[in-house]
Amino acid sequence: MKILYFTATGNNLYVAKRIGDEYYSIPKLIKEGIFDFEDEKIGIVFPVYNIGVPKIIEEFLNKVRLKSKYIFGITTYGAFSGAATRHLLEIGKKNGIEFSYINELIMVDNYLPGFDMNKQIQGQAKKNIEENLEKIIKDIKEGRNYIKKHTIIKEGLRSLADKFYDNKFEKNFSVDNNCNGCKTCERVCPVDNIKVDKKPVFNNNCQHCLACIHNCPKRAISMKKEKNKARFINENITLKEIIDSNN
């Protein structure tokens, strides 16, 4: 079984590692031009962005060639799963990818303007993450066929959100004097959108993942309207693993 994942703060790397031993970072695969995979089972693991599939995942699925009788998708979210399932099916159909199983897993939401990270971290137990993940792992091992259903209303919201997608998301970021030029932000960015001279300079290809903000050791990068300075990295994943996944 091969698992292809995208992670910014460690949640989806953790899920990929829990499902199986052979897992590959999608940002690295894109950079290396690797798009052919064959196995008994192949999985795609990623977070919900903008009520749907992240742009980087859609870009990957438009190029990838998956040869497997059992292809599954796992989406993670923090508060609202949106219509990621329908979006994933839509992308799959366009590219000849037939999913046998798609499910979603509620975890910590890292979107700073919408959520207080302290409350998100403290509330993890209520989300039954491990219990729900175990059910998903069991389903996959048993080869269960299942597609999480979404309503037309959610799909309508996704289409609306897509129309208002912010192509200049970097304008929401600021860097304070705590920055020491360590380049952690540059190294965790999945699309090489950040270059550090003395301070980070953001280009115009932000994926909205917030890896740069959450992984900054000095908490020097901030975002407009964020609740506080609290940050989040999955406790089971190290900064080095996130860097290795995206650099």
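This is a predicted model: local features need pLDDT of at least 70, side-chain atom pairs count only at pLDDT 80 or more; totals for chains, interfaces and linings use all residues.
Residues are numbered from 1 along each chain as its sequence is written, and side-chain values use heavy atoms, with hydrogens and water left out. Local features need pLDDT of at least 70 and side-chain atom pairs count only at pLDDT 80 or more, whereas totals for chains, interfaces and linings use all residues.

Six strands form an open sheet with parallel pairing in the order 2-1-4-6-7-8, where strands (E, at least two residues) and helices (H or I, at least four) are DSSP runs numbered from the N terminus, and two strands pair if DSSP finds at least two bridges between them. Strand 2 (23-25) and strand 8 (146-147) are the edge strands, each pairing on one side only. Four bridges join strand 1 (residues 2-5) to strand 4 (residues 41-47) in the parallel sense, and Leu-4 has Ile-44 of strand 4 as its bridge partner.

Helix 4 (residues 84-94) packs on this sheet, touching strand 4, strand 6 (70-77), strand 7 (101-106) and strand 8, with contact meaning heavy atoms within 4.5 Å. The direction of helix 4 makes about 145 degrees with that of strand 7, the axes being lines fitted to C-alpha atoms, for helices over the stretch in contact, and the angles running from 0 to 180 degrees between N-to-C directions. Helix 6 (residues 129-141) also packs on the sheet, touching strand 4, strand 6 and strand 7, and its direction makes about 170 degrees with that of strand 7.
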